[in-house]
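Start anywhere you like, but keep the structure open while you read.

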Amino acid sequence: MSSIKRDYYEILSVERTADGDTIKKSYRKLAMEFHPDRNPGNKEAEDKFKEAAEAYEILSNSDKRAQYDRFGHQAFQGGRSNGGGFQDASDIFSQFGDIFGDIFGGQQQQRGRSKNSSRKGADLRYLTEIELKDVLATKEQQIEFDTEANCGDCNGSGAEKGSSATTCSVCRGSGQVVRQQGFFTMASACHKCQGSGETIERPCLVCSGKGRQRVKRKIKVTIPAGVDNGTRLRITNEGEGGYRGGPNGDLYVEISVKDHDIFEREGDHIFAELEVSYLQFLVGGEVTTEALEGDVKVEIPRGAKPGERIKVAGNGLPSLRGSRRGDLYYTLTVQFPKKLTEDEEKLVRELAELSKTNVAAKKKGFFKS
């Protein structure tokens with residue numbers, strides 16, 4: 001049976017209103033107290049170290065924190081979202097290297113991958129805009145963006161063809177110069193290799209020894225029907241190029257749907273105004289009007305009133321998560337003629353007389369010419 005998780009705010013000993021700096025400061029303190037180097041072989045300290053890291057991973061991320069505040073630990077169960085959880089200390093060192101670099105002089109980097117080992121490229125975010133009518137069906141859209149990738153000439157090594165980088169003679173490949181100061185082991189970037197762990201005698205002429213190049217990417221993105229503002233599409237392996245043969249990062253395409261001149265959207269439903277003749281309000285009738293997929297026929301019931309809403313079922317937007325479509329709603333507004341012909345006025349006055357309605361006397365110049 002799984003154990004009950006403690007509240008993340010309780011773990012870090014902070015209030016629910018705490019800001020990011022307060023949360024980070026509290027986590028640093030706990031990380032210092034329960035760090036494996038200070039508690040060798042202590043399983044309880046290791047568990048608390050991982051527990052604090054999990055809490056910090058959630059609360060330091062504004063999106064994850066908002067989900068946790070709303071749903072608690074259930075926000076990261078059952079596929080709702082990716083939450084915290086680390087297999088071992090190396091996972092934590094890898095994710096929070098900036099924090100541990102301050103506390104322990106970068107020792108954790110020596111445990112994990114070195115700066116020059118292969119590693120995944122960064123994930124990228126791209127914002128693309130579509131029309132409301134594009135939401136009706138799956139759409140392919142080409143996007144273009146700049147990113148970094150390994151230099152094609154030196155394959156990311158930074159060294160000219162026919163040569164290679166050599167291990168730094170000062171730091172012996174670690175990228176750091178380490179010194180002991182009391183209890184702590186302090187480290188700083190190697191002055192000779194600037195932390196790379198390698199020196200290059202003959203730099204690549206294409207990338208000037210950096211091993212990386214700016215590249216322009218063009219890819220086609222499939223945008224599914226039913227997307228909304230803020231929908232994020234994950235396209236694996238299309239982000240920043242990997243380092244030294246490592247995999248590419250992922251590309252996250254965020255959708256923005258333009259406002260429409262006529263229709264407003266609420267979820268899968270769309271809304272518009274429909275101007276109807278005063279005669280159709282009285283006796284009913286059929287109106288042909290514009291919709292997103294072409295014209296539709298709208299039945300106006302006898303005795304309808306201005307402001308009444310008419311539903312055209314199934315003519316809304318498709319759902320991103322199912323086959324059901326939303327509905328189209330028209331809010332009725334009344335349309336009166338600017339002028340009446342003599343015959344029209346005569347009929348209206350006869351109707352007023354039949355209904356015993358007092359109307360203004362007839363005036364010259366009101367009729368249509």
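Predicted model: local features only at pLDDT ≥ 70, side-chain atom pairs only at ≥ 80, totals over all residues.

1. Take the pairing at Arg-309 to begin with: its bridge partner in β15 is Thr-331.

2. Four strands make up an open sheet with mixed pairing, in the order β10-β11-β15-β14. Its edges are β10 (264-266) and β14 (309-312), each of which pairs on one side only. Ignoring direction, neighbouring strands in this sheet are turned by 35 degrees against each other on average.

3. In which sense do β11 and β15 pair, parallel or antiparallel? Parallel: strand β11 (residues 269-277) and β15 are joined over eight bridges. If you want a spot to look at, find Ile-270, which stands opposite Leu-328 in β15.

4. β8 and strand β9 (residues 251-257) run antiparallel and are joined by four bridges. Within that pairing, Leu-233 has Val-253 in β9 as its bridge partner.

5. Two backbone angles deserve a glance. Asn-237 sits in the loop between β8 and β9 and has a positive phi of about 70 degrees, although it is not a glycine. With 41% relative accessibility, Asn-237 counts as partly exposed. Ser-208, also not a glycine, has a positive phi of about 60 degrees. You will find Ser-208 in the loop between β6 (198-199) and β7. Is Ser-208 buried or exposed? It is exposed, because its relative accessible area is 56% and the cut-off for exposed is over 50%.

6. At a relative accessible area of 59%, Arg-214 is exposed. Leaving out residues up to four places away in sequence, Arg-214 touches Asp-146, Thr-147 and Glu-148. Cys-151 is 63 residues from Arg-214 along the chain, yet their C-alpha atoms are separated by 8.7 Å.

7. On to the helices, starting with α2 (residues 20-34). This helix has 15 residues and reaches 21 Å from its first C-alpha to its last, close to the 21 Å expected at 1.5 Å a residue. Which residues of α2 are buried? They are Ile-23, Ser-26, Tyr-27, Leu-30, Ala-31 and Phe-34. Seen down the axis of α2, those buried residues fall within an arc of 140 degrees, so they line one face of the helix. The other side of α2 has Asp-21, Lys-25 and Lys-29 exposed. The general rule behind such spacing is that an α-helix has 3.6 residues a turn, so residues three or four places apart point the same way.

8. Helix α4 (residues 62-71) can be read in that fashion as well. Its buried residues are Lys-64, Arg-65 and Tyr-68. Viewed down the axis of α4, they fall within an arc of 100 degrees, so they line one face of the helix. Ser-62, Asp-63 and Arg-70 are exposed on the other side of α4. The cover over the buried residues of α4 includes α1 (8-12), α2 and α3 (43-59).

9. Finally, some totals for the protein. Its secondary structure comes to nine helices and 15 strands. Of its 369 residues, 36% count as buried. Among contacts with a separation of 6 or more, 64% come from residues 24 or more positions apart. The accessible surface is about 23100 Å², and 45% of that belongs to carbon and sulfur atoms.

Definitions and conventions
Residues numbered from 1 in each chain as written. Heavy atoms only, no water. Pairing = 2+ DSSP bridges. Axes fitted to C-alpha atoms, helices over the stretch in contact; angles between N-to-C directions. Expected span 1.5 Å × (residues − 1). Buried < 20%, exposed > 50% of the residue type's maximum accessible area, 1.4 Å probe, protein only. Arc of directions from axis to C-beta. Contact = heavy atoms within 4.5 Å. Areas by Shrake-Rupley, 256 points an atom, 1.4 Å probe, with all protein chains shown as cover.
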